[in-house]
Amino acid sequence: MFSTTLRLDDDLGRFLREVAGSHAMSVNGWLVGLLRREQAAVARRKLAADWAAYGKESEAQDVTYAFPAQAEVAAEPHQRSYRARKTK
């Protein structure tokens, strides 16, 4: 487990104790909750940025290379599935 020491000015330390107490939490518990919320916000922002990048026009979005392989699969004669061929 990670452990650290914070050096805060008196006003910020007082605020931290008051806000944690108003939530019936320890200072440690309140800070952990604050950091978890920030961690989730960072993950949401990263996901949003990844989706935005995915939606942009780029060479990475070009799927024409796959068309010949798809055409081959589509042209193959239809085969019955394994389950349909099973005899009882």
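Start inside helix α1 by selecting Arg14 and Asp11: they sit three residues apart, so about one helical turn separates them. Show their side chains and you'll find a salt bridge, 2.8 Å from N to O. Keep in mind that you're looking at a predicted model. Arg14 counts as partly exposed, at 40% relative accessibility, while Asp11 is exposed, at 57%.

Now zoom out to the whole protein. Of its 88 residues, 9% count as buried.

Next, select helix α1 (residues 10-22) together with helix α2 (residues 27-55). Their axes come within 9 Å and cross at roughly 85°, which means α1 runs roughly perpendicular to α2. To see the contact, show Leu16, Arg17, Val19 and Ala20 on α1, then Val27, Trp30 and Leu31 on α2. That set divides into six nonpolar residues, one charged and no polar.

Stay on helix α2 and pick Asp50 and Lys46, which lie four residues apart, about one turn of the helix. Their side chains form a salt bridge at 2.9 Å, N to O. Asp50 is partly exposed at 40% relative accessibility, and Lys46 is exposed at 52%.

Last stop: Glu38 and Arg45, whose side chains meet in a salt bridge of 3.1 Å, N to O. Glu38 (41%) is partly exposed, and Arg45 (48%) is partly exposed too. A search of the whole structure turns up three salt bridges.

Definitions and conventions. Residues are numbered from 1 along each chain as its sequence is written. This is a predicted model: local features need pLDDT of at least 70, side-chain atom pairs count only at pLDDT 80 or more; totals for chains, interfaces and linings use all residues. Side-chain values use heavy atoms; hydrogens and water are left out. Axes are lines fitted to C-alpha atoms, for helices over the stretch in contact, and angles run from 0 to 180 degrees between N-to-C directions. Helices (H or I, at least four residues) and strands (E, at least two) are DSSP runs, numbered from the N terminus. Angles under 35 degrees count as roughly parallel, over 145 as roughly antiparallel, 65 to 115 as roughly perpendicular and the rest as oblique. Contact means heavy atoms within 4.5 Å. Ala, Val, Leu, Ile, Met, Phe, Trp, Tyr, Cys and Pro count as nonpolar, Asp, Glu, Lys and Arg as charged, and the others, Gly among them, as polar. Buried means under 20% relative accessible area, exposed over 50%, partly exposed in between (1.4 Å probe, protein chains only). A salt bridge is a side-chain nitrogen of Lys or Arg within 4 Å of a carboxyl oxygen of Asp or Glu.
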